[in-house]
Structures are given as C-alpha cells and as structure tokens.
Amino acid sequence: MIVLSGREASIFACLCDTVVAPEPPLPAVADTDSVAAFDRYLAASPRLNRLGLRALVHVAELAPRALGEKSRLRRLDHDQRGRALRAAEGSRARPLVDALEFIVRLSYFGDDAVMRRLGYDAETRRP
Amino acid sequence: MTTLHADACVIGSGAGGGPVARELAEGGMSVVVLEEGRRFATEELNARPRDMMPLLYRDAGQTVTEGNVPIVLPLGKAVGGTTVVNSGTCFRTPDRVLERWVAEHGLEQLAPDRMRPHFEHVERETGVAKVPPELAGKNAEVVKRGADALGWSGDYLERNARGCVGSGVCAFGCPTGAKQHAGQVWIDAAERAGARTVTGARARKIETRGGRARAVHAKLEGGGSLEVRADLTVVACGAIHTPLLLRRNRLGGESGQLGRNLAIHPCTAVRAVFDEDVGMADGVPQSYFVDEFASEGIMFEGAAGPPDYLAATLPFSREQLRELMLRFGQLSQFGVMVHDSSRGEVTELAGRPRIRYRLSDQDLARVRSGVEKLTELYWAAGARTVLQPVAGVPPLHDGDRGPLAAGRPLRARDFTLLAFHPLGTARADRDPGRGVVDEHLGLHGIEGLYVSDASVIPSALGVNPQITIMALAHRLGRHLLDEAS
C-alpha cells in the first residue's frame with residue numbers, strides 16, 4: 001500500500017463488504033482489488049482530503065458503537081453492520097457517509113472481474 | 001533556474017491555450033507552453049474510470065463547491081486540459097448569447113457574423129461531426145424513443161471525434177485516440193510548428209514592468225524552476241485557476257470582478273430500468289440531446305458509461321445497490337443540465353481554490369423541473385423503474401410520477417448535483433470598470449497579458465462550452481498575429 005496502513009486497509013475492506021454486501025455472482029471483496037484502488041485514489045488526493053478520508057475510515061470503524069451497536073465495525077456480523085449502515089445513512093452525518101460510499105462503490109465496481117460479471121470488459125475497448 | 005526566451009508564453013494547454021499556441025507558432029512566433037499536468041499517450045488510457053480518475057483529473061476529481069448544496073466540479077489536468085476528459089460535445093455559442101454579450105458587455109467583436117469564421121475553423125480542425133445513429137448507443141435510442149413519443153425536440157449531438165468506435169469512456173480518456181482533444185489537435189500542431197511544451201510546470205509569478213507583462217516564473221514538478229521571458233503572455237488555466245493566478249500576482253483586480261460571476265451549468269442524472277437490454281456502456285456516452293425546454297434553461301444530454309462510473313453515484317447500498325447493478329445491462333442514464341442564473345465566486349484559501357456557489361431558487365426550480373420532465377420521458381420510452389436523484393425518493397414504478405410531481409417541497413441539498421462547465425471568473429467587458437479583460441481578451445490596464453479560457457466568457461451559455469472557448473482562442477491568436485505584423 002502507498003498510503004493506507006494495514007489497519008486502514010482492513011477497515012476499508014470491511015466497509016466495502018458492508019456497503020456492497022456482495023453475493024454470487026458478484027465476487028467477495030477479498031477477491032477484488034478494491035482496497036488497492038482506494039489506496040491509489042488516496043495517493044492522488046490533495047493532502048487535506050487524504051487526511052480527512054483516512055480519518056473517516058477510522059470513524060467508520062468506531063461509529064457503530066455510537067449508533068447503538070455493541071462493538072466496532074469489524075467485530076459486527078453481516079446483519080449488525082447493515083443495521084449500523086442504515087443508521088449512519090439516516091443520521092446528520094449523511095454527507096460524510098455519502099462521500100465514503102461513493103468511494104467504496106467506485107473502488108468495488110471498478111474491479112475488472114466485477115465489471116466483467118456485469119458485462120463490461122475494458123480490454124475490448126482498447127485497440 | 002532555467003531561463004527560456006520566446007515571443008509568447010501560454011500558460012495552459014487546454015481548449016483556451018491550445019488554439020492560441022498553434023496560431024502563434026504557425027504564424028512564425030516562438031512559443032513556450034507551460035502545462036501543470038503531463039502528457040498521456042493513448043495507450044495509457046485503459047477504459048477504466050476508476051483507474052483514470054486519479055490520473056486525468058485534478059485532485060482525483062475532488063473539486064467541490066461550497067454553498068447550499070455541494071456540487072462536484074471535475075477538472076482535467078493533462079496536456080489538453082479538461083478536453084481530455086470531456087464528453088466531446090460541440091455547440092457553437094447560441095446567437096442570442098453572443099448578441100447579449102454585444103448589448104450588455106460592449107463586445108461588438110464577438111457578434112455572430114464575426115465569430116462565425118472562428119467557429120468554422122475550430123470545427124474543421126477538430127473534426128466536428130454529428131454522431132451517426134449506429135454509434136449513438138441504445139441508451140440514446142431509448143431516450144429518443146421517449147422524446148419522439150412526446151413530440152419533444154432533440155437530435156444527435158455534434159462531437160469532435162475522428163474514427164470513433166463507440167468505446168463509451170470519453171470522460172476518462174479516449175482509448176482509441178478518436179476524440180480530438182486540445183492536446184492532439186492544437187498542441188501537437190503547435191509543436192510541429194516549433195512550439196515547446198513544458199509539462200509539470202506550475203506558473204506562480206507573472207512578472208510585469210512598466211505596465212507590461214515581461215516573464216512567467218514556474219515551479220517544476222520534481223524540483224527546480226523555470227523562467228520564460230516573453231513579450232506576450234496568455235493565461236489559459238481555466239475558470240477556477242486563472243483568477244487565482246492573476247490575483248496572486250495582483251493583476252486584473254481593478255474592476256472588482258476577478259473571481260466573480262462564476263456560472264457552472266449544474267447537472268444531475270435520472271436513471272431508468274428497462275425490460276430490454278440497453279447496454280449503456282456501448283456507443284458514444286453523450287450522443288443525443290433533447291432541447292425541447294432549452295428556452296426554460298433546461299437541456300437533456302446523454303450521461304452513460306461503464307459500471308463503476310454508474311455505481312459511484314447511485315444513492316444505494318447493500319441489497320438495493322447489488323440488485324440494481326446486476327441489472328446494469330438494462331439500465332439507462334441521462335443528464336439534466338441547467339442554464340444557471342446563479343453566480344459564484346472563486347477565491348483562495350491556504351493555497352487551494354475555494355469555490356462558493358449558491359444554487360438560486362430559480363435554478364433549483366429548473367433542476368426539479370428537468371428531473372420531472374426526464375421522468376416523464378422515460379415513462380414514455382417504456383421504462384419499468386425510474387430512479388430520481390433526490391434524497392428520500394424511492395424508485396418509482398410503472399408510470400408513477402412520484403413526490404416531485406405531487407409538489408413535495410425540496411431543498412437544493414436534496415439533489416445530487418455535478419457540474420462540468422465553470423465560466424466567467426475573468427469576464428470580458430469593454431468597460432474596465434465591469435470586466436477583467438477587454439474585447440480582445442487583453443487584461444485591462446496591462447500590456448502584453450491576455451486570458452484565453454472559459455473565465456473570459458461573460459455569461460452562462462446553456463450549452464457545452466468547448467467550441468466557444470476554442471473559437472475565442474483562435475480569434476485571439478489571429479488578433480495577436482495581426483498586432484505583431
């Protein structure tokens with residue numbers, strides 16, 4: 001990773017899994033390059049934005065407790081994470097949640113295997 | 001520090017800088033072009049929006065306005081500027097807009113009959129032609145079907161492309177080199193005529209002496225600095241960065257208009273799910289337009305692309321997101337663009353642009369109306385589900401016009417908005433008390449300093465601006481050569 005720490009990478013992977021909740025035929029987050037893509041996106045971001053986005057990742061890990069769940073994000077099960085996400089989406093922090101979800105969706109759905117499952121092969125667009 | 005000497009220094013290589021650089025170089029001047037971004041070979045453009053966004057867009061596309069609604073305002077940063085990542089749509093400045101510039105800003109030189117030869121020139125050089133139906137894509141076809149059913153006016157768009165095969169990723173760099181962006185058309189030709197382009201060069205200082213611009217000082221990526229001593233300086237950094245460069249150098253501020261009068265053409269997108277295959281990633285992404293409501297300040301233009309491009313802005317998560325994306329093949333997306341009356345301002349904070357823009361009630365009403373009308377169009381086209389870009393509005397089914405049509409009160413921030421056409425922040429006006437540049441785009445009160453980009457455009461256009469910018473730039477190039485001779 002260029003920018004992300006190991007912990008941040010792990011949290012982002014969990015976030016991807018929470019926001020997208022992939023099921024077959026969509027591949028699991030671990031089978032995509034979503035985290036590496038987020039890392040590259042961060043590396044290209046202005047410094048303040050980069051700091052802010054990394055901080056948001058940490059907030060996302062801790063937020064479920066503030067939203068009524070018993071533990072932090074990576075310790076929750078699938079349904080508990082879904083519940084925490086819904087609560088965050090309905091909260092006053094919605095703009096920040098939206099920003100994070102934008103990046104998660106871009107990172108996950110930009111993976112080549114994911115796009116091919118949806119009928120898009122980037123290589124066929126190149127001469 | 002390295003020092004170069006030239007007849008002209010052009011800061012920026014996009015739609016504004018490119019045509020001037022070429023005109024001056026082909027006219028026999030020695031030209032140095034300073035470009036903050038880098039040059040991208042066609043082979044590097046890999047048809048993957050997620051990969052290309054951090055490379056081709058300034059700050060990975062994270063330029064956002066402040067105001068009553070955050071509006072993402074992506075800007076290109078490369079040789080060719082934002083034309084590397086635009087949709088390639090070409091419109092001439094509408095005659096009524098040019099006539100307004102003449103009447104309200106004293107810009108008689110920009111009257112329609114005077115601009116015509118410049119439009120013709122840039123269209124010829126960039127290969128502007130109407131999208132043939134067979135390249136337009138099914139996304140356009142379903143919208144055309146809806147427009148035709150309602151009797152609404154529309155047509156295939158004109159674009160600057162040669163040999164287009166409908167790769168579907170114009171906004172992320174054309175992987176076949178078909179899109180005739182400013183780097184390919186103007187900068188390459190300028191270099192063949194002897195111009196020199198320095199990439200990774202960020203202009204910091206414009207040196208003036210005796211009421212005349214004399215040199216440009218730039219910092220180079222990777223270290224070092226460059227000085228270009230030239231009798232002519234053309235600032236072409238775009239409507240966000242040109243006013244910042246001028247203000248930093250205490251130039252162009254006399255009228256009080258520098259950085260002000262920002263128009264952006266705010267946009268949003270409506271999506272629809274059909275039973276039939278739409279394949280929106282195939283064909284030209286922005287190939288068709290509906291101008292039935294242009295007189296109300298509302299245009300509909302295509303906004304298609306690959307899965308990640310769509311998914312990123314869908315306001316859904318988990319099951320809803322997954323199910324929708326698994327139907328990517330049946331999804332259509334089309335854009336609403338507003339000819340805004342709102343005006344913003346660009347200033348600088350901690351070395352970074354601060355873009356303030358408040359969407360007026362009038363423009364909010366236009367956005368709302370555009371979304372309602374595009375919804376109606378999709379029902380007429382046979383959609384099964386319509387997704388409006390409004391917080392709290394669920395997917396609509398089977399002809400349901402939803403809460404917008406029922407009159408639900410909405411705020412600006414209930415809409416997801418983007419914008420791609422920042423204009424007006426160094427506006428042209430014959431009167432130095434009202435404009436930053438004169439009708440020849442020369443900075444009022446300074447010799448040898450010109451502005452050639454969207455910042456000089458004195459009002460919103462209501463149409464995509466690249467032809468306007470290029471035509472004004474070509475006109476400036478001809479003017480500078482005439483003056484020199």
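Ala60(B) is buried, its relative accessible area being 1%. Bear in mind that this is a predicted model. What makes Ala60(B) worth a look is its backbone: phi is positive, about 55°, although the residue is not a glycine. Ala60(B) sits in the loop between H2 and strand E3 (71–72) of chain B.

Chain A has a residue of this kind too. Phi of Ala21(A) is near 45°, again a positive value in a residue other than glycine. Ala21(A) belongs to the loop between H1 and H2 of chain A, and at 2% relative accessibility it counts as buried. Pro25(A) is found in the loop between helix H1 (6–20) and helix H2 (34–43) of chain A. The peptide bond that runs from Pro24(A) to Pro25(A) is cis, with omega near 15°.

Here are the backbone angles side by side:

| Site | Angle | Value |
|---|---|---|
| Ala60(B) | phi | about 55° |
| Ala21(A) | phi | near 45° |
| Pro24(A) to Pro25(A) | omega | near 15° |

**Where the chains meet**

Now for the interface. How many residues does the contact take from each chain? Chain B gives 37 residues and chain A gives 43 residues. Between them, chain B and chain A bury about 3,300 Å², and carbon and sulfur atoms give 56% of that area. Three arginines stand out on the chain B side: Arg50(B), Arg318(B) and Arg322(B) supply 25% of the area that chain B buries against chain A, more than any other three residues.

On the polar side, the count between chain B and chain A is 22 residue pairs in polar contact, with both residues at pLDDT 80 or more. Helix H2 (49–56), helix H9 (307–313) and helix H10 (318–325) of chain B each bring at least two residues to the side of chain B that touches chain A. There are also seven salt bridges across the interface of chain B and chain A.

**Rings in chain B**

Over all chains, the structure holds nine aromatic pairs. Take Phe274(B) and Tyr378(B): their rings are 6.0 Å apart centre to centre with 65° between the planes, an edge-to-face pair. This pair links distant parts of the chain, 104 residues apart: Phe274(B) is in the loop between strand E11 (267–273) and strand E12 (288–290) of chain B, while Tyr378(B) is in helix H11 (residues 361–381) of chain B. Are these two buried or exposed? Phe274(B) counts as buried because its relative accessibility is 0%, and Tyr378(B) is likewise buried at 0%.

Elsewhere, ring pairs tie Tyr57(B), Phe172(B) and Tyr309(B) into a cluster. There's a charge over a ring as well: Lys373(B) lies over the face of Phe293(B), at 4.8 Å from the ring centre.

**What Gln330(B) touches**

Back to Phe274(B), this time through one of its contacts. Gln330(B) is located in the loop between H10 and strand E14 (331–338) of chain B. Which residues is Gln330(B) in contact with, leaving aside its neighbours within four places in sequence? They are Ala272(B), Val273(B), Phe274(B), Asp275(B), Glu276(B), Asp277(B) and Val278(B). Gln330(B) has 17% relative accessibility, so it counts as buried, the cut-off being under 20%.

Methods
Residues are numbered from 1 along each chain as its sequence is written. Chains are lettered from A and ligands numbered from 1 in the order in which they are written. This is a predicted model: local features need pLDDT of at least 70, side-chain atom pairs count only at pLDDT 80 or more; totals for chains, interfaces and linings use all residues. Side-chain values use heavy atoms; hydrogens and water are left out. Rings of Phe, Tyr and Trp (its six-membered ring) pair if their centres lie within 6.5 Å; planes under 30 degrees apart count as stacked, over 60 as edge-to-face and the rest as tilted. Helices (H or I, at least four residues) and strands (E, at least two) are DSSP runs, numbered from the N terminus. Buried means under 20% relative accessible area, exposed over 50%, partly exposed in between (1.4 Å probe, protein chains only). A charge sits over a ring if NZ of Lys or CZ of Arg is within 6 Å of the ring centre and within 35 degrees of the ring normal. Contact means heavy atoms within 4.5 Å. Buried area is the accessible area (1.4 Å probe) that two parts lose on being put together, summed over both. A salt bridge is a side-chain nitrogen of Lys or Arg within 4 Å of a carboxyl oxygen of Asp or Glu. A polar contact is a pair of N or O atoms within 3.5 Å; within protein, one must be able to donate a hydrogen and the other to accept it, and residues adjacent in sequence count only if both atoms are side-chain atoms.
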